[in-house]
Every structure is written in structure tokens, then in C-alpha cells.
Amino acid sequence: MKNILISLLLLMSLYAFGQEGKYKQELSSQTNYTEGANSGTVNIKVVFDVFFGEPTVAAIAKLESFEGCKPYTLNLSVDIYDGARKVSTRTFTNLISFDVKSSPDWDEIFPGLSEEQAKDLYKRGFSIRNPRMVDLKFEDCASNTEDAQSTGASTNSSSVNAQENTGTSNSSEETKAQEEEERRAAEKAAEEEATARAKAAEDQRQKEIEAEQAKRQAEAEAARKEQERRAENLRKKQEYDRKVAEQRDRNVQQAGAMAASNLGAMAAIAMVVYADMGKVKAENTYYGNQLALGIDMGYSLSSMPLVFNSSRTTYIYNYNTGNNQYVTSTEDDDRRASTINLEFKPFIGYEHDNWGFNAYGCFQPGISLIIDRYNISHYYGGEVFGGIGALKFFYEYRRGNRKMGTIEWIDPEEFGDGIAMYKYKQSKLGLRITFENTYGSYARHHLKFGLIYENFLEALEHEHGKTRMWYYNLNPEKLGNPNKYYRIFGYHFSWNKEHNFNFYMNVYPNHPIVGVNKYSNSDSFKERETGAPFVEIGFVRQIKAFF
């Protein structure tokens, strides 16, 4: 009894560890900024949480629209309130690229608060208020466009009209002098006109040369700025990739430490649960026609095919345009939810030499070693068996609820998850063989070989929607509702050494993929022609007494 109490206390500690997610605080909104002639709208998201006893924080800011100059860096400040009292202000810088999940120390999570004050604030609960953009820096968007000015060359033409002087003089000398003067005047006017035209043409050529030079200088300056912009955006992308890789490495290291810690805790629990296995008083062993009470408890493994609703956000650089942007891709894909369970299965029954029955209920919580898969399932049922001597036939009927899920916290860019919650019924029938050790041990051995027939009964509501099952190679018109009363086939084997242990295995070779239809299916998911195996394996300690 002392060992049982210790194991229950350890279970309660494990359950308390899983409650850390209740401290999550999140703010998602739009905030506006105005600085001079520059204004705009920014989508922001801030999340404070606790993971494995340590605080985490993530902040993302995405420029929705802007007028004037575009900011090339975004800094966000938010106020932390304890009820109606402001206790701290947290500022996140350089958010135009991104901000992945980080895990600061307790005395750094809220500026101005000590580690003890920060932990107390998480326990009491707090709110995130007054998001605002601060210390914005803008790109140089002033453009100096030099318009070419063209000045029309005006040409002044002079005409010299010869005047005929009609006189009464008949002197030929005077006539020749007059004609010579008129000729010279005409030549001078023609020379002046040619000079003016040549000067105008030269001025025009000079202006065209200067305009071409100015155009080339402007193009060179624009090319230089474009090259600098592309280099800066590429640097931001590389910085983003570096930070994501660093965060992923930290998450992998944390996962390794978490796996080692959880494995140690499970080993400590196992030393208590499986201690003194097989110890029983002689008067509590089977003699014939007796009532039996007991409990099976210990570790088991579940591995179910599950639909994963992937939502992956990354930061990309477009080599064609030189622009950066956040891109979110979504799809439904098939994964596995594999957990190590600590199950408790009390039972009561009655046994005769040739027949017997028992009833039971089981609670089966479980997690993976790095806590990226979880299982909260339970079931109840009964069994009857009968035959002659060591050979008996058995039939077992069970109903239960399954809740299994997965998250992908190691990849900083993955924000998706998968969950399945549903009711089911199950029937087992087969052969039960009972024998004792040749040296007359009190502990009997029971081997069971059977077939499993299971039906999906009802999808349970949860925040993502309703669970459904993907059946393959089935005609929906013949099947009717593909989520209800379709029989799933499996195999069962168990080896029970009374008062010692119960080893069991349930295998469903072609189990439907279970989950929520949230996004479009991935290519590999669409191409599936079969389901996937669903396996349950357990080795539990048995405490049993006959009366």
C-alpha cells in the first residue's frame, strides 16, 4: 500500500507539470504610427508563456500599409499590467525581420521586476496593453528628378531691302557703288544668320550631352540605392535564417535535456510501481470458485496515425524583386502520435474452474519524452470466458474515449498542431489458455489470442473542430457515413502471470488516419491508398487477490 501511495503522488506531480500552459498571455492587434509625413498600420502579435518551468516570449510585427517613407526597422513597446496597475514596459526591437521564440531568464522577462516578482506575476495573471511603435527609422525616399529644360533657339533673321534711289543722276559710278553696298549688306546678313544657327545647334548639343550625363548619374544613383536595398534585405534574410537556426539548435538541446529528465522520472516511478512484483499472501491465491479484486498499473506505449494541421511561417527573400516578406503555408499531413502512458486499471471479477467474468475501468494518460505528443484516454468494459480445463473461449466488450494530439515546438517556424478526440466501441473474441508452472507455483499463466473489431462512434467537439477518420479504398455511397460504424480490424495477444504482470499487444494493421480536416491535404496525403498501423503495447504490474 505504501508503494501505491508513492506512485500516486508521483503521478499527481506529473499532472501538475502539465498545467504550465495555463500561464499563456497573448496580444494580437493592429497599431498605427504617425511621424511627420510618414504614417502606417502594423499587425503585431506578442505571446508570453511558460515552457518546462522557464518563461518564453515571442513577438512578430508585420507592416500592413504605409504612406510616405517605408520604415526599415520596427520597434514595439507594450505595457504589462497587474490588474489596473502598470508594473513594467517591454520593448522589442528590429521586428521588421522577425522575432522567434526566445527563453529569457525570469529576472529579464519583465524589465524592472525581480525573478520572484516575475514568477508571482505569472501566477496571479497579467495583461498586455498599449501596443505602440517606437524609434522608427525610415528609408530615404526623397527623389531628386532633374527635368531637362529645353530652350528653343530663336533665330532672328534680318533682311536688308535695297532701296532704289531714283535720281536724276545718270552716273554709272554711283550705280555701281550702290550695287556693291547692297551686295556686302546681303553677305553680312547671311553670315550673321549662319553664325546664329551654328551657335544654337551647338547649345542644343551641349544641353543634350548634359541631360544624358544627368540621366546616367540618376540611373547610377538609383542602381546604387537599389543595390544597397537588395543587400540590406538579403542581410535581413540571412540574419533571420541565422536566428532561426540558433533557436532550432537551442530547442534540440532543450529536447535532449528534457528527454533525459523525463526518462529519469519515469524510471523512478517504475522502481516504485514494479517493486516486489509477485508478492502475495497464500490465502489470496486461486483455489476455485472465488471473487477477485485487483489493479493493473504500469507503463504502456501507444502509436496512432494522426492528421497534422501544419501552419508554417517563414521569412523569404525574392531574388527577382529584391523584396522580403513573411509567408505562411498551410496543409494537412499525416504524422504519428506516439506516447508513453502510465495506466491504472482496477478490476473486479469472479472465477470458476470452467467459467468466469470480470469488469474493469482504465485511465491512460501519456506523453512523449520531449512532450511534443500527448494522450488522455480512458475506457471501461467487461469480459466473460468459459470452457473446459485449460482451454476457454473469451469475449470482451469495451467503450471509451480517445484524445491524442501533437505539437511541433522544436521547429521555430512551425505553429501547427494535430488533435483527435472521439468515442469508440470495441469487441474482442478468441482463445484463452491457462497453465501453471511445472514446479507447482501459485501463479497461473493466462495466454490470450484474439481478434479485435472496433467502431468509430462519435466525434467530440474541441477548439479545432470535429475529429474525422480518413478511410481508403472505400466507396462512400456504399458505406454511407464514412465516419460512423465502420468496422476496424485488429489482432490481440496478452500474457498474464497472476499477481505478477500483464503483457499485452493490440495491433491494427490498417487503421484510418484520425484528425481534423482544417487545410488542403498535402500531395503525399492525397496519394495514400491505405491507412497506417495503430499499435498499443503494455507491460503492467498486477496486484490481485482472490477471496
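This is a predicted model: local features need pLDDT of at least 70, side-chain atom pairs count only at pLDDT 80 or more; totals for chains, interfaces and linings use all residues.
Three strands form an open sheet in the order S1-S2-S3, and their pairing is antiparallel. The edges of this sheet are taken by strand S1 (25-35) and strand S3 (54-67), each of which pairs on one side only. From one strand to the next, the twist averages 20°. Strand S2 (residues 38-51) runs antiparallel to S1, to which 11 bridges join it; with regard to individual residues, glutamate 35 has asparagine 38, in S2, as its bridge partner. In general, the strands of a sheet pair through backbone hydrogen bonds, in either a parallel or an antiparallel manner.

Attention then turns to the charged side chains. Side chains of opposite charge can pair when their charged atoms come close, and the structure holds 38 salt bridges. One of these salt bridges is formed by the side chains of aspartate 79 and arginine 132, with an N to O distance of 3.0 Å. Because aspartate 79 belongs to strand S4 (residues 71-82) and arginine 132 to strand S6 (residues 127-138), this pair ties together parts that are 53 residues apart in sequence. The two partners can also be described by their accessibility: aspartate 79 counts as buried, at 4% relative accessibility, whereas arginine 132 is partly exposed, with a relative accessible area of 29%.

Arginine 248 lies in helix H4, while aspartate 411 is located in the loop between strand S11 (391-407) and strand S12 (417-436), so that the pair ties together parts 163 residues apart in sequence. Aspartate 411 counts as buried because its relative accessibility of 18% falls under the cut-off of 20%, and arginine 248 is partly exposed, with a relative accessible area of 27%.

Within helix H4 (residues 172-273), glutamate 180 and arginine 183 lie three residues apart, about one turn of the helix. These two residues form a salt bridge in which the closest N and O atoms are 2.2 Å apart. Glutamate 180 counts as partly exposed at 28% relative accessibility, and arginine 183 is likewise partly exposed, with a relative accessible area of 38%.

Beyond these pairs, a network of salt bridges links Glu351, Arg432, Arg444, Glu498 and Lys544.

Technical notes: Residues are numbered from 1 along each chain as its sequence is written. Side-chain values use heavy atoms; hydrogens and water are left out. Two strands pair if DSSP finds at least two bridges between them. Helices (H or I, at least four residues) and strands (E, at least two) are DSSP runs, numbered from the N terminus. Axes are lines fitted to C-alpha atoms, for helices over the stretch in contact, and angles run from 0 to 180 degrees between N-to-C directions. A salt bridge is a side-chain nitrogen of Lys or Arg within 4 Å of a carboxyl oxygen of Asp or Glu. Buried means under 20% relative accessible area, exposed over 50%, partly exposed in between (1.4 Å probe, protein chains only).
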